[in-house]
Amino acid sequence: MKKLLSLSLLSLAVAATSAQARDDDQIRIGVDVPYEPMEFRTPDGELTGFDIDLGNAMCAEMKVECEWVVQGWDGIIPGLMARKYDAIMSSMTINDKRREQVLFSEPYFTPPSAWFAPSSTELTEATEGSLDGMSIGVQRGTLQDNYVTDMYGNVADVNRYSTADDMVLDMEAERLDIVFLDYPVGQSTLLESDNRDYKVIGDMITEPKQYFGDGFGMAFRKRDKDLAEQFNQALETLRNNGTYDDIKARYFDES
Amino acid sequence: MLDLQGYGPRLLEGAGVTVSLAVLSLTLAVVLGLVTATAKMSGNVVAHRLATLYTTLIRGVPDLVLMMLLFFGGQIGVNALTDWLYDATGVDIFININEFVAGVVTIGLIFGAYMGETFRGAFMAVDHGQIEAGKAYGMSSRLVFWRIRFPQMMRHALPGLSNNWMVLLKTTALVSVIGLSDMVRIAAEASKATREPFTFMMVVAIVYLLIASVSEWIFARLQKRYSIGYGEMD
Amino acid sequence: MQALLDWLDGLLANNSIFTLQTLSFYGEGLTTTVQLVFLSLIIGLIMAVPLAIGRSSRHGLIKWPIFAYTYVFRGTPLLVQLYLIYYGVVFVEGVQESWLWPLIKDPFMPALVAFTLNTAAYTTEIFRGAIKATPKGEIEAARAYGMSPTLALRRIVLPSAFRRALPAYGNEVIFMLHASAIASVVTLMDLTGAARFVYARFYAPFDAFLFVAAIYLCLTFAILYFFRFLEKKLLAHLKPMT
């Protein structure tokens with residue numbers, strides 16, 4: 001028994017080797033990659049994308065040092081709670097369900113979601129009737145997943161992926177008939193893809209609010225109100241001095 | 001000859017993660033295995049029941065599910081603890097159950113259960129007369145353990161140990177699913193980016209085979225060493 | 001007692017996770033897992049018998065390719081094999097136009113192929129070990145009776161090898177059940193896939209994964225008792241008479 005006890009203490013000690021006091025000068029931001037063009041890696045491993053550039057600009061504005069922590073989408077909110085990082089900036093849509101868990105900044109970007117399919121598709125609109133029996137791709141645990149599961153889960157075959165990358169690969173492989181994505185991500189990974197032709201099916205979708213919320217926000221722990229306020233002010237400054245538009249132009253061709 | 005498109009160094013790094021993960025979890029598994037085997041043979045009813053519960057539960061649930069439970073759930077559990085600490089005392093610490101720690105602990109826990117069975121069988125295989133002889137010489141049971149039971153047990157345990165190690169090595173691949181950048185995850189990333197899954201997955205497969213072959217050789221040598229004094233291996 | 005019932009009632013009423021929808025996900029997952037494991041085990045078993053005989057052959061041309069196959073499939077992680085088959089196959093030129101595509105398109109088939117090849121490799125080695133362990137006397141006795149090698153294999157060697165292989169094969173079945181959890185990485189909605197979905201949707205790791213762990217535990221016990229039963233009853237007549 002004693003041995004068992006000392007052993008569990010030992011395993012705790014192993015876990016605690018990575019425990020440390022928080023360093024206040026540095027702000028760690030959790031991000032899930034790849035989600036082109038919002039956040040992704042160059043082949044040599046460098047992080048880049050709209051969120052990354054905007055986040056770095058805000059940190060520069062606030063005169064603090066920021067470090068990006070890569071975390072899979074599945075565990076991104078628990079990771080914030082566990083103080084693995086102090087904020088999330090990872091194309092996270094602000095909605096009520098998440099508000100129960102975290103504190104959001106002001107929205108810094110508001111993209112619609114859209115359906116994407118190969119150009120050869122016979123689909124002209126996404127409805128319960130037209131999607132009957134189709135294979136739909138979504139990223140697991142995203143608002144798109146929730147929307148598609150609730151609206152079309154009974155008629156279509158919903159395939160859930162850990163990363164947007166996996167989904168695009170299966171789309172190219174023709175395993176999926178149609179995917180539902182944040183529009184900028186679909187634009188960058190599918191519409192501008194060299195490999196095959198894709199098109200948007202139907203309209204951009206931003207309703208109902210219950211799923212689509214109020215745009216992308218940074219997420220903080222509920223008690224870190226000051227930190228959220230600092231980022232809000234930095235964002236305000238960047239919007240006014242034009243930096244925000246510069247960064248936006250880098251990743252999205254305005255339409 | 002083989003074009004890794006710039007992913008070579010990261011793959012090598014990933015191989016390092018795989019090996020260190022495997023070695024650390026093996027260490028934890030051996031310790032847990034010895035504890036479990038001792039508990040099962042101790043004659044203490046509570047210890048025996050606990051050890052049995054541990055081995056049964058672990059061996060009944062898939063590795064991946066245990067890993068996710070520990071990695072995702074462990075974080076929330078620890079978070080509740082540190083939040084309570086913050087509210088109660090104002091001390092703000094964060095304990096980071098990162099993928100690597102979660103991987104080592106889960107794989108160690110899983111294989112500790114298997115090692116327990118291996119060690120128990122091996123301890124039982126030690127000739128009882130030798131233990132009695134040791135006691136007759138006035139050795140304490142501690143001394144009997146280290147001088148007689150342990151070395152002889154190792155001879156019987158080695159085949160099982162080697163077997164468990166081979167399975168453990170392959171189990172490390174699962175950490176790629178919870179986000180640790182081991183060899184498999186980097187290869188998966190690379191194959192998606194370059195659209196060349198064959199190249200990268202083949203490289204990974206070959207590295208696994210290499211590690212397996214090297215460890216086979218090491219275990220054969222160990223077996224030889226622990227069998228000194230025996231005419232032939234059984 | 002009444003208090004307990006009230007408490008349980010309250011628990012389920014306040015439960016936003018285990019709704020009809022999520023339970024149906026788990027149900028669907030259970031079906032997928034059982035289908036996947038059962039089919040791959042059956043096909044793997046059918047493949048393993050001739051492979052094990054070939055592996056015990058004296059001809060290098062038969063023996064070595066089978067050895068290479070089992071060495072590679074037993075020496076590398078199933079996850080790597082699954083990735084190779086799932087992602088690799090779509091890069092074969094023209095596969096999308098072939099008659100095979102409707103099969104490969106669905107993640108079920110690639111997963112089934114990977115699992116089958118994997119379990120066949122392990123089962124081959126289990127059977128080979130069992131065949132090798134056939135007592136010399138039995139074979140000599142068969143020869144003395146004038147049996148041809150084929151007849152001796154069919155009547156003497158294989159039946160007794162099956163019996164010896166049964167405990168190890170039981171372990172392989174449990175191993176396959178647990179290994180099947182990785183099917184969720186290629187989007188299959190198996191039991192683990194259902195748990196991951198519920199976790200990602202409700203941020204409730206304990207509920208999602210403990211529930212699924214309990215289901216796996218039940219399945220494991222079912223297999224365990226089935227094999228004990230098999231060992232006791234079905235193969236009793238093969239036991240040497242005493």
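V65(B) reaches across to chain C. Leaving aside its neighbours within four places in sequence, V65(B) is in contact with A181(C), T192(C), A195(C), F209(C), V212(C), A213(C) and Y216(C). Contact here means that C-beta atoms, placed from the backbone, lie within 7 Å. This is a predicted model: local features need pLDDT of at least 70, side-chain atom pairs count only at pLDDT 80 or more, and totals for chains, interfaces and linings use all residues. Residues are numbered from 1 along each chain as its sequence is written, while chains are lettered from A and ligands numbered from 1 in the order in which they are written.

**Cores**

V65(B) also belongs to the largest nonpolar core, which has 174 residues. V179(A), V65(B), V204(B) and L82(C) touch the most other members of that core. A nonpolar core is a set of buried Ala, Val, Leu, Ile, Met, Phe, Trp, Tyr and Cys residues joined through C-beta atoms within 7 Å. A residue is buried if 20 or more other C-beta atoms lie within 10 Å of its own, exposed if 12 or fewer, and partly exposed in between. Helix α4 (residues 99-125) of chain B gives the largest share of this core, 14 residues. Helices (H or I, at least four residues) and strands (E, at least two) are DSSP runs, numbered from the N terminus. Another core lies apart from it, with 15 residues, including A120(C), Y122(C), A165(C) and Y169(C).

**P62(B) and chain B**

P62(B) sits in the loop between α2 (45-60) and α3 (63-89) of chain B. It counts as buried because it has 26 C-beta neighbours inside 10 Å. Leaving aside neighbours within four places in sequence, P62(B) is in contact with H178(C), A181(C), T192(C) and Y216(C). Its C-alpha atom is separated by 31 Å from that of F150(B), 88 residues apart along the chain.

Chain B holds eight helices and one strand. Their order from the N terminus is α-α-α-β-α-α-α-α-α. The C-alpha trace of chain B spans about 70 × 60 × 30 Å along its principal axes. Of its 234 residues, 46% count as buried. Among contacts in chain B with a separation of 6 or more, 74% come from residues 24 or more positions apart.

The classes used below are nonpolar (Ala, Val, Leu, Ile, Met, Phe, Trp, Tyr, Cys and Pro), charged (Asp, Glu, Lys and Arg) and polar (the others, Gly among them).

Axes are lines fitted to C-alpha atoms, for helices over the stretch in contact, and angles run from 0 to 180 degrees between N-to-C directions. From α2(C) the contact uses T22(C), F25(C), Y26(C), E28(C), G29(C), L30(C) and T33(C). From α9(C) come L191(C), G193(C), A194(C), F197(C) and V198(C). By class, this contact has seven nonpolar, four polar and one charged residues.

**Strands of chain A**

Five strands of chain A form an open sheet with mixed pairing, in the order β5-β2-β6-β13-β7. Two strands pair if DSSP finds at least two bridges between them. The edge strands, β5 (65-70) and β7 (103-104) of chain A, each pair on one side only. Strand β2 (residues 26-31) of chain A runs parallel to β5(A), joined by six bridges. In this pair, Q26(A) stands opposite E65(A). Helix α2 (residues 50-62) of chain A packs on the sheet and touches β2 and β5 of chain A. Its direction makes about 155 degrees with that of β5(A).

Strand β8 (residues 113-118) of chain A is mostly covered, with five of its six residues buried. It pairs antiparallel with strand β11 (residues 178-182) of chain A over four bridges. There, F116(A) has V179(A) as its bridge partner. Five bridges join β8(A) to strand β12 (residues 198-205) of chain A, also antiparallel. S113(A) stands opposite I205(A) in β12(A).

Methods. Two residues are in contact if their C-beta atoms, placed from the backbone, lie within 7 Å.
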